[in-house]
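Hi everyone, thanks for coming.

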Amino acid sequence: MDKLLEVKDLNVSFRTDEGEIKAVDGISFSVGRGETLGIVGESGSGKSVTALSIMRLVPSPGKVTNGQVHYYAHGHDPIDLLSISRPIMRTYRGNELAMIFQEPMSSLNPVFRCGEQVVEAIIQHREVSKSEAKKLVMDLFEKVRLPNPERIYKAYPHQLSGGQKQRVMIAMAMSCQPGILIADEPTTALDVTVQKAILDLMNDLKKELQSSILFITHDLGVIAEVADRVMVMYQGKIVEEGTVEEIFTDPKHPYTKSLLACRPPLDYRLRRLPVVSDFMDLELNESGQAVIKERTTSLKSVVSRMRVPSMETVKRLRDLQQREPILEVKNLRTWYPLKKSFLGGVTEYVKAVDDVSFEVYPGETLGLVGESGCGKTTLGRSILGLTPTMSGEVLYKGESLLGMERLDMTKKRQEMQIIFQDPYASLNPRMTIGNAIMEPMDVHGLYSSKEERRERVLQLLDTVSLSPKHFNRYPHEFSGGQRQRIAIARALALNPKFIICDESVSALDVSVQAQVLNLLMELREKYRFTYIFISHDLSVVKFMSDRMIVMNQGKIEEAGPSDEIYANPQREYTRKLIDAIPKGMNEQLMRR
C-alpha cells in the first residue's frame with residue numbers, strides 16, 4: 001500500500017511549572033493511501049497531541065521538539081509539514097489534511113450560521129463563487145445525511161443536536177476532498193445510534209473520496225468498526241501496533257489487554273469491571289522513571305474470575321422485589337410549552353415525560369436508557385423537583401414529593417441526591433474541592449463543627465480514592481475521572497439513601513469509566529444505596545442495573561430485568577439500540 005503520511009521520531013513537550021513534560025515521546029508510524037489507522041489510548045496518552053502536531057496546531061506552551069511529518073501528495077516528492085512555512089501550511093490544512101474535533105460546539109462559531117461556516121471553508125481553498133459554494137454545501141449536507149439541509153444551512157450551532165453538529169463538522173472537513181482526514185474522538189458522548197450513523201458515514205465517505213483516515217478514540221469497540229490497523233498509545237509512546245484482528249484476538253501488551261477488558265460486556269454479567277491495574281503495575285526504576293511491570297495473567301482468566309452466575313442475578317432481583325418500593329412514580333407528565341396562540345394560550349407542547357409510571361425498590365439499581373431527547377434526564381430531574389411537572393405523582397417512602405413545600409423538599413434532598421453528567425459544570429471553579437464537598441454539610445447543618453465536617457470530607461476523599469492533599473485544589477487541577485469522583489464524594493456528603501446518576505460516565509475514557517462504575521457498585525454494597533442510573537449506553541446500563549427502562553419520545557418503550565431485555569428485546573426501538581452498540585471482537589475473544 002502506498003504511503004500517504006509518514007511520521008518519524010515525533011517528540012512533543014509541554015513546559016510547566018513542574019518542568020518539561022513529554023506528551024509524545026519519539027513515535028513513528030505511517031498511514032497508507034485509502035487506509036484507516038486507529039489510534040487508541042486513555043486521555044493523556046498523547047494521541048490528540050499527535051494529531052495536532054501533524055496539523056501544526058499544538059497549543060502553547062507545547063512545542064514539537066523533534067521529528068518529521070512527511071505528506072506524500074500525488075505525483076510529488078514528500079513534503080515535511082513541520083518544516084514548511086506557515087502560509088504554505090495553511091494551504092495544506094483544510095485542503096490536503098482536514099480535522100474533525102471531539103467537541104463540535106467549541107469548533108463551530110456560535111454567531112455564524114452553520115452553512116455560512118462551511119461556505120467560508122470552501123471559498124478559502126477553492127476558486128468558486130459564493131453561490132457555487134452554497135450549492136456544494138447543500139450537496140455535502142445531503143451526503144452526510146443531515147435532515148432538511150436548507151434548515152440546517154440557516155441554523156446556528158446551538159439549534160442543532162450533538163449528532164447534527166458533528167455531521168456539519170464532517171461536511172466541513174470533507175468539503176475540499178482532503179487526502180487525509182484526522183478524526184479526534186468524533187463520537188465520544190454521542191448516542192450509540194448516532195455514533196453508528198457517524199461511523200457508517202465516515203466509512204462511506206472514505207470509499208467515495210478515496211481518502212485516508214486517522215481515527216483517534218479511547219474505545220477499542222469503536223476502532224473495530226472503522227479501522228484497518230490499530231496503534232495503541234500509552235504515556236506518549238506506541239506500545240503495540242497491528243491489524244484489527246491481531247490486536248483483538250492476540251493482544252501482546254498488558255495495556256492493550258486492559259483496554260479490551262474494561263468495556264462492559266453484553267452477553268454476561270461481571271461483579272466488577274477489569275481495570276488497568278489488573279494487568280499491569282507502574283514501578284519506578286533507579287533513575288526515577290516509571291516502568292511497566294506486567295502481571296502474569298491472561299485476559300480470559302481476569303474476566304472469568306469476575307463473572308456472576310445467572311442464578312445469583314435472578315435471586316437478587318427476586319429478593320429486591322419482595323420489599324416495599326422506596327420510590328413510586330405514577331402517571332408523571334412533564335410538558336414544555338412549544339407554541340402559544342395570539343392570546344397567550346399554549347397550543348402545542350413538547351411532551352418530555354408523558355404518562356410514565358414505575359417503581360424502584362430499596363437497594364436496587366434501575367437503569368434508564370434511550371437516545372438524547374427521549375426524556376430520561378427530564379424524568380430524573382422531575383423526580384427530585386428540579387424541573388416542574390404538569391401532573392402525576394412521585395412518592396418517596398410513601399410521601400408525595402410533588403407540591404411539597406420548598407423547605408420540606410430541601411430537607412428531603414438530604415436523602416435524595418443527583419450526580420450530573422458534567423462535574424466541571426456542577427463544581428464552582430473558584431471553590432476548592434474540599435470546600436465544595438463541605439458546603440452541603442453547612443447548608444443542612446450536619447456535624448457540630450467545621451473540624452468535624454473537614455474530617456468527614458477527608459473520609460469521603462479516601463472513599464472515592466482521592467488523597468487528603470487534594471482538599472485545597474481547584475476543579476481545573478483534576479482529570480475528568482477525578483472530577484467525577486469529586487462529584488460522587490459531594491453527593492455522599494449528606495449520607496443519602498437514593499442517588500440519581502445522570503450520564504455520569506458518558507464522556508470518560510473506557511478505563512476511567514470502568515473505575516467509576518466499580519466505585520458506584522462498591523458504594524451501593526457498602527451503604528445500601530438505591531440508584532436510578534441514566535445513560536444512552538445500553539452496555540453500561542446493563543452492567544450497573546438490576547432492571548432497565550427503555551424510554552423513547554417521553555414514554556416507556558420497554559421495561560424488565562436488564563439481562564432479559566438484552567437477550568430478548570420485545571420492541572424494535574430496543575433492538576435498534578442494541579444493534580448500534582460497537583461489538584468489536586472482544587465478545588468472541590472472551591468465549592475462546
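This is a predicted model: local features need pLDDT of at least 70, side-chain atom pairs count only at pLDDT 80 or more; totals for chains, interfaces and linings use all residues.

**A walk through the chain**

Residues are numbered from 1 along each chain as its sequence is written, and side-chain values use heavy atoms, with hydrogens and water left out.

So what is the chain built from? Its secondary structure comes to 24 helices and 22 strands. Those are DSSP runs, numbered from the N terminus: helices are H or I with at least four residues, strands are E with at least two. The radius of gyration is 25 Å, close to the 25 Å that the globule rule gives for 592 residues, so the chain is as compact as a globular protein of that length. For that, the radius is taken over C-alpha atoms, and the rule is 2.2 Å times the number of residues to the power 0.38.

How much of the chain is buried? Buried residues make up 54% of the 592. Buried means under 20% relative accessible area, exposed over 50%, and partly exposed in between, with a 1.4 Å probe and protein chains only.

Now two residues. K47 sits in helix α1, residues 47–55, and at 4% relative accessibility it counts as buried. Leaving aside neighbours within four places in sequence, K47 is in contact (heavy atoms within 4.5 Å) with residues including E42, E185, H218 and M233.

R413 lies in the loop between α15 (406–412) and β18 (416–419). At 24% relative accessibility, R413 counts as partly exposed. With neighbours within four places again left aside, R413 is in contact with L384, G385, L386 and L494. The C-alpha atoms of R413 and K497 are 9.9 Å apart, although 84 residues separate them along the chain.

Last stop, the rings: the structure holds six aromatic pairs. Rings of Phe, Tyr and Trp (its six-membered ring) pair if their centres lie within 6.5 Å; planes under 30 degrees apart are stacked, over 60 edge-to-face, and the rest tilted. F529 and Y531 have ring centres 6.1 Å apart and planes at 50 degrees, so that pair is tilted. Both F529 and Y531 are buried, and together with Y527 they form one aromatic cluster.
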